[in-house]
Amino acid sequence: MLETRLLPFDRDSANQAAEFLKYGEVVAIPTETVYGLAANALNENAVRKIFKAKGRPQDNPLIVHISSMKMLPPLVREVPELANRLAEQFWGGPLTMIFAKSNAVPNVTSGGLNTVAVRMPANEAAREIIKKCGFPLAAPSANISGKPSPTTARHVFEDLNGKIPLIIDGGDCEVGVESTVICFERGKIRILRPGAVTAEMLSEFAEVIVDKAAVEELRKGESALSPGMKYKHYSPKADVYIVNAHGEEFVRYCTKRARTENNVLALGAGVAENGIFLDYGENAQLQAQRLFSLLRKADELGAKTVLVELPDRSGMGLAVYNRLLRAAAFRVIEV
């Protein structure tokens, strides 16, 4: 078993991370969305170590992270003008764009697709490490596949201690959910996975379509064009259910369930924290920041059932709803 070192981000730890990555190893790094498990995106053997550490299905594509626009052209066949305009506005930041990939990108990185997902993170540590490497990094969330994504270095250590050599601690993630993933269709923007860059923001640049897979299960045999589309994700050991009720109605429903069932935990929007209830935030930004940590806390508290108040599905709320649907395996209780 490997010794996993946990180091705060500074110049020395960034250099150590870059050295590991140059030798084909994997390193957990902070980003503004969630912590990523990084490897050289152009090194097939290194990328395979990501899948091994995470236990991730290999037909699930990875996002390639860059530190500057000059790193993009070698990865793709062309960059649409609309993509350049979006990059000017949202890079670095939590937006991933899908392009036709060049031959430089191994099939293992793209999940066997002829496209590649690329983003430029805003996080200083991520950008510095990529810059020191001099090559792009494939970096899915740094957790065991299927579990809630990690928003702190401690979360990464809980999942991957002994499986990777190094975790860089850059503090708590600001956004808390993975990036928005989009592709381009005849001058339109299609959102495959919602995130902090919302449909409303993107609609200032072009017509926006939210793919049905953002709020529905993929059909059997259908290919996942984006990470987070195909498999059950983000889930604690407990059974998660979304509850379509709000305020006092939500509290009454959860209290009633807790009287007849053991180990029930409820995540409500702005609820008073007592008994079975935890507050996951009054607005979508707070809910995004807290959601994964609270799902992990459910395991720590020994919850068997987690009931989550249905979030607002506009703006960034759609990203919270998307993650919850997958954590709950699309189980929604109508009250």
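Good morning, colleagues. Residues are numbered from 1 along each chain as its sequence is written. The model is predicted, so to speak of local features a pLDDT of at least 70 is needed, side-chain atom pairs count only at pLDDT 80 or more, and totals for chains, interfaces and linings use all residues, while side-chain values use heavy atoms, with hydrogens and water left out.

I begin with the first sheet. Helices (H or I, at least four residues) and strands (E, at least two) are DSSP runs, numbered from the N terminus. Two strands pair if DSSP finds at least two bridges between them. An open sheet of eleven strands, with mixed pairing, has the order E1-E8-E2-E3-E7-E4-E6-E5-E9-E10-E11. Strand E1 (5–8) and strand E11 (208–210) each have a single partner strand, so one side of each has no neighbour in the sheet. Within the sheet, strand E3 (residues 36–40) and strand E7 (residues 137–138) run antiparallel and are joined by two bridges. There, Ala39 stands opposite Ala138 of E7.

Which strands does helix H1 lie across? They are E1, strand E2 (27–29), E3, E7 and strand E8 (166–169), and H1 runs at about 145 degrees to E8. Axes here are lines fitted to C-alpha atoms, for helices over the stretch in contact, and angles run from 0 to 180 degrees between N-to-C directions.

Helix H1 also meets another helix. Two packed helices are described by the angle between their axes and the distance between the axes. The axes of H1 (residues 11–22) and helix H5 (residues 124–133) come within 9 Å and cross at roughly 50 degrees. That makes H1 oblique to H5; angles under 35 degrees count as roughly parallel, over 145 as roughly antiparallel, 65 to 115 as roughly perpendicular and the rest as oblique. The crossing of H1 and H5 is right-handed; a crossing is right-handed if the near helix is turned clockwise from the far one by less than a right angle, and left-handed if anticlockwise. Contact, meaning heavy atoms within 4.5 Å, involves Arg11, Ala14, Asn15, Ala17, Ala18, Leu21 and Lys22 of H1, together with Glu128, Ile129, Lys132 and Cys133 of H5. Divided by class, these are six nonpolar, one polar and four charged residues. Ala, Val, Leu, Ile, Met, Phe, Trp, Tyr, Cys and Pro count as nonpolar, Asp, Glu, Lys and Arg as charged, and the others, Gly among them, as polar.

Is strand E15 (residues 305–309) mostly covered or uncovered? E15 is mostly covered, with five of its five residues buried, that is, under 20% relative accessible area, where over 50% is exposed and in between is partly exposed (1.4 Å probe, protein chains only). Thr305, Leu307 and Glu309 point one way from E15, and Val306 and Val308 point the other way. E15 pairs in the parallel sense with strand E12 (residues 239–244) over five bridges, and Ile242 has Val308 as its bridge partner in E15. Strand E13 (residues 264–268) also runs parallel to E15, joined by four bridges, and Leu265 stands opposite Val306. E12 and E16 are joined by three bridges and run parallel, with Ile242 opposite Val332 of E16.

Finally, I consider H9 with H10. Their axes come within 8 Å and cross at roughly 20 degrees, which makes H9 roughly parallel to H10. H9 passes H10 in a left-handed crossing. In this contact, Ala284, Gln287, Ala288, Leu291, Phe292 and Leu295 of H9 meet Gly317, Val320, Arg323, Leu324 and Ala327 of H10. By class, the contact has eight nonpolar, two polar and one charged residues. Thank you for your attention.
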